[in-house]
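Biologist: I am new to this one. Could you show it to me and walk me through it?

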Amino acid sequence: MFYSTTTQQYIQEGTAFEINGVQYPQNWLNLSTPEEKTALGLEEVIATNSPANDTYYWVSSTLSEATLTYTNTPKDLTTVKTTAIAQVNSTAYSILLPSDWMVVKAVETSTKVATGWDTYRQSVRTTAASTVSGIEGATDVDGVASVMGAIVWPKNPDQVALEAAQVTEETPVTE
């Protein structure tokens, strides 16, 4: 986006505009040189900071001539924590759901769950529980964001086997 110092208007790239009675086509900003833009009194709008993650912050912006400033206001910590915990629990549920049939079959037929799956499923539950503890212990929204950004869900035994097979296939054979 550009700011016209002559007309005090904002001009989006890809948009036709008029300055001092001259009509410019929609591709003019993309095709013109920096010198041509400066000669016309156009300044590129520059952001002085970045918008924060809107999951954790209320983000607003202020345009003042060629300067864009974001205001990042933390959301209510209790609400952010509640939402994050619900997201973790929902994700854990979604991850475990495809293998629930194995547990049901094991209970109904008194057989064992396939090797590795019990450990994997417990690992998912442990990851969820430790993440929830981290969220509950966070003292601000940045803490919650940090905990949520650090989640590493375990891979199920089939994924691990598939990745191992792919690595084996990619390994060059030397003679």
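Modeller: A definition is needed before anything else: two strands pair if DSSP finds at least two bridges between them. Please also keep in mind that this is a predicted model.

Biologist: Fine. How many bridges join strand 1 to strand 2?

Modeller: Three bridges join strand 1, residues 2–4, to strand 2, and these strands run antiparallel. Within this pairing, Q9 in strand 2 is the bridge partner of S4.

Biologist: What is the strand order in the sheet of three strands?

Modeller: The order is 2-1-5, in an open sheet with antiparallel pairing. Strand 2 (9–11) and strand 5 (42–44) each have a single partner strand, so one side of each is left without a neighbour in the sheet. From one strand to the next, the twist averages 30°.

Biologist: Switching to strand 7 and strand 8, how many bridges join them?

Modeller: Eight bridges connect strand 7 (residues 57–64) with strand 8 (residues 67–74), and the two run antiparallel. In this pairing, S61 stands opposite Y70 of strand 8.

Biologist: And which residue takes a positive phi in that hairpin?

Modeller: That is E65, with a phi near 55°; the hairpin has two residues between the strands.

Biologist: Now the whole protein. What does its secondary structure come to?

Modeller: The protein has seven helices and eight strands. Its radius of gyration is 27 Å, well over the 16 Å that the globule rule gives for 175 residues, so the protein is more spread out than a compact globule. Its C-alpha atoms fill a box of roughly 85 × 60 × 30 Å along the principal axes.

Biologist: What share of the residues is buried?

Modeller: Buried residues make up 25% of the 175.

Terms used. Residues numbered from 1 in each chain as written. Predicted model: local features only at pLDDT ≥ 70, side-chain atom pairs only at ≥ 80, totals over all residues. Heavy atoms only, no water. Helix = DSSP H or I, 4+ residues; strand = E, 2+ residues; numbered from the N terminus. Axes fitted to C-alpha atoms, helices over the stretch in contact; angles between N-to-C directions. Rg over C-alpha atoms; globule rule 2.2 N^0.38 Å. Buried < 20%, exposed > 50% of the residue type's maximum accessible area, 1.4 Å probe, protein only.
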